[in-house]
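Visitor: I am new to this structure. Please show me how to read a few of its features.

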Amino acid sequence: MEKFKKLTSTAVSLPVENVDTDQIIPARFLKATSKIGFGENLFRDWRYNSDGSKKEGFILNEEKYSGKILVAGENFGCGSSREHAAWALEDYGFKVIVSSYFADIFKGNALNNGLLPIQISSTKLTQLLTHLKENPKSELQVDLENQRLSLNEIGLDESFEIDSYKKMCLINGYDDIDFLISKKESIEAFEAQNQ
Amino acid sequence: MKKTLFDKVWDAHVVDSVPDGPQILYIDKHLIHEVTSPQAFAELEQRGITLARPEKTVATADHNVPTVNQHLTIKDALSRKQVEMLTKNCKNHNVTLYGLGHEYQGIVHVIAPELGITQPGMTMVCGDSHTSTHGAFGTIAFGIGTSQVAQVFASQCLLLNKPKKMRITVNGKLNKNVLPKDVILYIIAQLGTNSGTGHFVEYAGDVFENMSMEGRMTVCNMSIEMGARGGMIAPDKTTFEYVKGKEFAPNSQEWDKKVTYWKTLPTDDGATFDTEYNFDASDILPMITYGTNPGMGIKINESIPETNDASFEKALTYMGLKKGQSLINQSINYVFIGSCTNSRIEDFRLAASHIEGKQKAGNITALIVPGSQQVAKQIKEEGLQDIFEAAGFEIRQPGCSACLGMNEDKIPAGEYCVSTSNRNFEGRQGQGVRTLLASPLTAALTAIEGKIVDVTELELV
Ligand code: SF4
């Protein structure tokens, strides 16, 4: 996993609530057996018509909006546990997702793929969504070490929560498997006692 | 310390705790399927490691398999590759696979309970969010992502923060024609799709105590639709009777010891929850959804609410429905009875009892997809297959099918489908499909009438 400390980037605003993972990556694209290339079909049915042409009006199809940060409405990533959703967002080029609420499984999947979910209050989120829509050049700053998200132009400077273990993993690029394998002895001791 | 059912099972599985961080939770059973496992196997191979406990892992092929001609080679190249990869990976890593052609094949959340793999007090995971189904047995069961599948492969453990606890109590007597599916659709409509985030839910009260195991599975299945990690129901006599004698249930020497332990699991009197909700059974009526998430549900005889917000309006536009409109008499062309929510034998017995001697309406295409080979066999043996076929329903072979439309079983764009599955998201059953979630009873009657009927007051024989 890539290390993550700080990021300054423009952002894309998607003011839709309850974005489920079926929208992020529809089931018909889950047939791949590797993790690569899912970005192409990110938000497939919102981005493209059935003949493959781009849908007008969808934010990712508007050239003026781009960046490594996606700001989305409440309860982002609900529904299916498919990690393909995190892979698709990451493969497309996003590093950070901002919302006022994340579904649990999605949040875990994102963190396991070096994608940082940042939760802020719904008032701040609305403010951010509106501002970004009109100011596509505005740059957001993410500082993971100090757990802050800021956008100077609108005086936004929010702290966000992250589990300290997960923060350490992201900053150092570690993943859970390495850690769990290192716990082999305790796991075997637990089994000996309980099985 | 007074403990809840969830505390008892969780605490019994904590291997270790990271100071200031997550806990290491031991996993008793790991269920896998073809769609969310290949990248996890690849991860192991990249690291040059093997499965830590292959004997605690069980595999099946369900999400992406055809539901016709399962004995033939799968036509779709990508699906075939996924299923072949699963077979190869299971063979290389010594994992038991109930693949196509096996008498135990079926939807992962249908087969584990019917084989007695699911038992009270266990921790179970699967790369599928409806793993919460197994909570019906007093099991901590939840869906995980593929990275976590790899973690369980590598260590039989997961790193997790202990979720919060919620109790939803429903007491009283259920109204006529109200099924377990209506109970859970009602709860989600009341609480909303993110009310459970960060929580594990315990369902308590006489409504669940009086419910069959299959009904309890339907309820726990949809816990994830209110955002909860999982749902549980305390194990009791109904649970023990269901598990007893199943293929992988504890044998007769172990049985008494296990039951003695299982009896200690229910929540202690006075134990506390982070969040509590209480509902009165008499307020619940047959339910149906009108929108694009499972929380957008109403009592079938109510009208669609008049809410003014952009997401709500977007959903109604997609559904082609209007605020304030009633769904009664809404014309429907497709009915799907299947999925891990409602594809067990009781669901089909109930549907068949209302279909017997009748014909589906001319405009209707009705799919019956059993949850497993064992259910399929039972449908035949009990004569239900004849009833469905005589009424013009199409019976398919087991799999997830039109629940997620990954195989050929997609509903055509723009069509309305009354479905017994668990998700009415945009495009879930195929691009542009408009899904209305309901119970097997409502689905069966819709198929007969060709439109939605108010089942609330119907006298059914
Ligand atoms: S039936 Fe539907 S919800 Fe259940 S496991 Fe299959 S795809 Fe998931």
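**A guided reading**

Guide: First, the shell around the ligand: five residues are nonpolar, five polar and two charged. Here Ala, Val, Leu, Ile, Met, Phe, Trp, Tyr, Cys and Pro count as nonpolar, Asp, Glu, Lys and Arg as charged, and the others, Gly among them, as polar. This is a predicted model: local features need pLDDT of at least 70, side-chain atom pairs count only at pLDDT 80 or more, and totals for chains, interfaces and linings use all residues. Residues are numbered from 1 along each chain as its sequence is written, chains are lettered from A and ligands numbered from 1 in the order in which they are written, and side-chain values use heavy atoms, without hydrogens and water.

Visitor: Which residues surround the ligand?

Guide: A residue is near a molecule if one of its heavy atoms lies within 4 Å of it. Among those around the ligand are His63(B), His109(B), Asp128(B), Cys400(B) and Arg428(B).

Visitor: Is strand β1 of chain A mostly covered or mostly open?

Guide: Buried means under 20% relative accessible area, with a 1.4 Å probe and protein chains only. Strands are DSSP runs of E, at least two residues, numbered from the N terminus. β1(A), residues 6-14, is mostly covered, with seven of its nine residues buried.

Visitor: In what sense do β1(A) and β5(A) pair?

Guide: Two strands pair if DSSP finds at least two bridges between them. β1(A) and β5(A), residues 139-143, are antiparallel, over five bridges. Thr8(A) stands opposite Gln141(A) there. With β2(A), residues 69-72, β1(A) pairs in the parallel sense over four bridges. Leu14(A) has Ala72(A) as its bridge partner in β2(A).

Conventions:
Buried < 20%, exposed > 50% of the residue type's maximum accessible area, 1.4 Å probe, protein only.
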